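Please open the structure in your viewer and keep the selection panel at hand. The tour below goes from stop to stop, saying at each one what to select next.

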Amino acid sequence: MARVFVSHASKDRECAGQLREWLVAEHHQVFLDQDPGDGIGVGEEWEQRLDKQLRWADAVVCVVTSAFLASTWCSYEVGYARSRGSRLLPVRAEPGVVHPLLRSHQHADLTRDPGVARAELLAALRRIDTRGGAGWPDDRSPFPGLRPLDTDWQQVFFGRSEEVQQLTELLRSPTEHAKGAVLLVVGPSGCGKSSLVRAGLLPLMADEPSWQVLSPILPGTDPVAALARELAAAARRIDLGWTVDHVRQELDAGGLTGLADELLLADPAGPQRRLLIVIDQFEELLTQASAGHRARFAQLLRPALGSPLQVVATLRPEFLKQLLVDADLEKLPTRTYTVRPLRREALPAVIQGPARRAGIGVDEDLVARLVADTDSGEALPLLAFTLAQLADGVTRGGHLSGARYEQLGGVRGALTRQADAALADASAVSGRRREEVIAGLLRLVTVDEQGRPTRWRIPRDELPEPVTRELDAFITRRLVITDTESGTVVIGVAHEAFLSAWAPLAEAIEENASALRARRAVEQAATEWDDGGRLPARLWERGQLAAAVADTGARLHAGDLLTDRVELSPIARAFLRTSIRRDRARRGRALTVLSVLLILALVAAGFAVAQQRAAEHQRDVAVSRQVAGQALELRGANPALAAQLSLAAYRLVPTPQARGSLLSTVATSYATPLTGHTNIVESVAFSPDGRILATASADDTAQLWDVHDPHHPTILSTLTGHTSAVNAVAFAPDGHTLATASDDHTAQLWDVHDPHHPTPLSTLTGHTSAVNAVAFAPDGHTLATASADDTARLWDIRYIPHPTLLGTLTGHTSPVRSVAFAPDGHTLATASDDHTARLWDIRDTHHPTVLGTLTGHTSAVDSVAFIPDGRTLATASTDDTARLWDVHDPHHPTILGILTGHTGAVYAVAFAPDGYSLATASYDHTARLWDVRDPRHPTPLGILTGHTNAIWSLAFSPDGHTLATASVDHTARLWDTSVDRVIARICRITPAITNSEWDHYLPGLAYRPPCR
């Protein structure tokens, strides 16, 4: 409810008292200076108290009379409230009187109809309450810690004004509304997307004419119940008197559209047209809700979208793909709005804005330290937690202390210190070991099929008494929070950052990942079993049951179910207990028909042979993968044996792991890395004849290498002239000219006729930030450059000493990372940090135009490459994927396939000259080879390992037999990609594997030297 300050003249005390009674009856908090209960008491400094209450108030109700007009202090109160942004609600208590400062405000008129005036006043306060109010009590900390900012924190929400504006424009747009799609606000955990929607978007939309806004819901295990609770709460606020049971019945009978219409029509402020529902942590539909509950929720939402209903949902990006392929949720139309981690330059506002609102001082030096220690928006949760600790106990007029910051251990140390302290307190309270306390915390964690930990809220009364007492220590420090769902107190962690930033818990989650994943599956199945009347057909059996029992450590003891690895809810224990008993009974009955089964087994002997062969193949696949891994581990200690083992694995079954081991073993053991640079190697490029490789480095140089014998590369020359990191290199089609791109805002052209003595030809200037990439057109007449100034440029280089600017490609909203010409030279592709790639028509180089935009990546796009026939484009992204696109119609590019497997950002893509293979480079220190002959179903060919840090660039030689890679580990490497040549080299230079070595690494398999 809203906090209300009643401003009135002394002569109007009786009217003000009546207003107070109205407001208190509606559960609002009211300050009336002459109220005997909580007004200004004898001896108080009344001016200070009034200022304090004006800061406290969300709204100031002004009793407008002639006396009010004549009162200097009433005018002061109105002016003070206006200066602080508090909502002014004038109530005319004397006909015809208007205060000059309130002339533009709509009045509630008591002199005409007190009943109507009261209804108008209460409706205005209801809307103020929905948008979160405008007051800030002096004793309230402006920093919430790990908890997301809700609507009542909107006064201290800073740093996201641009995103809030964009979201509100999307919601207002008739075009977007006509699409009838769920607006997914997608961003990584900790980037502030929940706060953006709750404290940024919702307060603004609550003020929009014709909009009614519901409080955000969390889907949990039963999203329909969560929706019903909020609909009932919204109805109660406008005196409809719906109960949760009534709403559930109406949803089951008529769906969501009818309820939404009824809610909008009943609004006392007048019929509304659109209802906004916010679903926070939409991924809970996938991680917590059962398939049945998820399907029912989707069935309710789908028909209501695009009519009176607009849905905004927050989602972590790693769940986007899972959402789009889920059998039920994929039917929901969606539109994605991506939220990136807060920019570093926005962090001071996050610190200073809330402090200023609360009247708390912060030294500039401390702000600078906080920003430096936070480093980037990815660590925003830790900064928020640290600020909450710094401000603990600090009220208006106080100061955030640098000494206190030192005591906390800085941004990174604050959460760890708090968690360590909570752990010590919890252990002391219960007398249990710390490992047992952490095991209790695991009740609040789930792990999905991809191993990602997320929050899991559970009813508090399901926790054993020692665990609830232990968790109180974490609740006190705001690491764990409680809430109410359907009248039940639930408990959960405040933020996913707690699951990863505190090492003891993160290690426990990793150690128990399989058990936590199994618990999630059991809990969901148990919910469906219980909801469906506990039918035997929904119980688990055979392998599914055996895996769950093994992973959870479940066993029957004295008629009850016990688990050794994770705790289960009562329903889940009943589900597993009943499943185990039923499975045992089934197996008992099976013994009675054993003789029949034996006869059937004889008949099925032929089938068994086939099954045995299939089993043997699966065994061989497993052995091949294992031996391939062992070969990689042996590269340093015994390269010859490693090569023989990788070949043995490949001969057994040519798995991607075996192929990768084969290529990697030879490349790292029998080839020389290119080690001439003294800093990160940023880029590699082959000359058209394949005999020279150019490398670019953060050491401000480029280098030319003789690689005609890729096993013995030699340096030819070093190109100096740039004054900052060299980001990219590219050869002209004739091989006589080299282009380089640099952080110094320039590109340079070099004469490399004599690679031993390259000479500078010209410098291309005009970009206002780092030049990230260069590419020559197929005819060699045009050069493209890509820059961090959000543009790409086309240059006429037919007269190389004096290149001229042809056209500038504008449209990207973030740095452009890569450029690539289509083989026909008519189309250019660009890649950008704005999560898109673009295709441009450059036939008129002076006026390039956008043909199509490739959207789908959920993070920066770092690289683009055309297949040799120009019909397919590959993109690489920091969302850990690469993608293949059909671009034969560049106006309508379509996704063909998604390449997944890398465990870190994908920085580069390159097609082999034959177009059959693609290489990808990643932050995970590996390059991968893919068969892309069927681009809709790309298949992995091999994983190249050997670099000790991220790989940033790669390029195929013109004959396609060699791949060059550039790495953060200061080296470039050359990889022979021809399996036949690698096998021949292994058999030529390494001794055969011995019998004893074979038995050690391939036990149980007949000795078959791979080089025979």
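Predicted model: local features only at pLDDT ≥ 70, side-chain atom pairs only at ≥ 80, totals over all residues.

**A first stop at Arg236**

Select Arg236, which touches Gly241 and Trp242 when residues up to four places away in sequence are not counted, a contact being heavy atoms within 4.5 Å. Arg236 has its place in helix H9, where helices (H or I, at least four residues) and strands (E, at least two) are DSSP runs numbered from the N terminus. With a relative accessibility of 47%, Arg236 counts as partly exposed, since buried means under 20% relative accessible area, exposed over 50%, and partly exposed in between, with a 1.4 Å probe and protein chains only.

Residues are numbered from 1 along each chain as its sequence is written, and side-chain values use heavy atoms, with hydrogens and water left out.

**The second largest pocket**

Next, select Asp150, Arg198, Ser215, Pro216 and Asp483, which lie nearest the centre of the second largest pocket, among the 47 residues that line it. A pocket here is an open set of points on a 1 Å grid over the protein atoms alone, where a 1.4 Å probe fits, with protein on both sides within 12 Å along at least five of seven lines, and lining residues have an atom within 4 Å of a point. The volume of this second largest pocket is about 1,100 Å³, taken as the space filled by probe spheres set on the points. Helix H5 (114-131), helix H8 (193-206), helix H9 (223-237), strand S16 (480-485) and strand S17 (488-493) each give two or more residues to the lining, and S16 gives the most, with five residues.

Now select residues 410-430, which form helix H19; its 21 residues reach 30 Å from first C-alpha to last, close to the 30 Å expected, where the expected span is 1.5 Å times one less than the number of residues. Which helices do the buried residues of H19 pack against? They pack against helix H16 (364-374), helix H17 (380-390), helix H18 (402-408), helix H20 (434-441), helix H21 (465-476) and helix H22 (497-501). Those buried residues include Gly410, Val411 and Ala414, and Thr386 touches these three as well as Leu370, Tyr405 and Leu408, not counting residues up to four places away in sequence. Thr386 is found in helix H17 and counts as buried because its relative accessible area is 0%.

**Pro778 in its loop**

Move on to Pro778, in the loop between strand S28 (771-776) and strand S29 (782-787). Leaving aside neighbours within four places in sequence, Pro778 is in contact with Pro733, Phe821, Ala822, Pro823 and Gly825, and at 40% relative accessibility it counts as partly exposed.

**A sheet to finish**

Finally, select the three strands of the open sheet with the order S44-S45-S46 and antiparallel pairing, where two strands pair if DSSP finds at least two bridges between them. The edge strands, S44 (951-956) and S46 (972-976), each pair on one side only. Five bridges join S44 to strand S45 (residues 962-967), and Ser953 has Ala966 as its bridge partner in S45.
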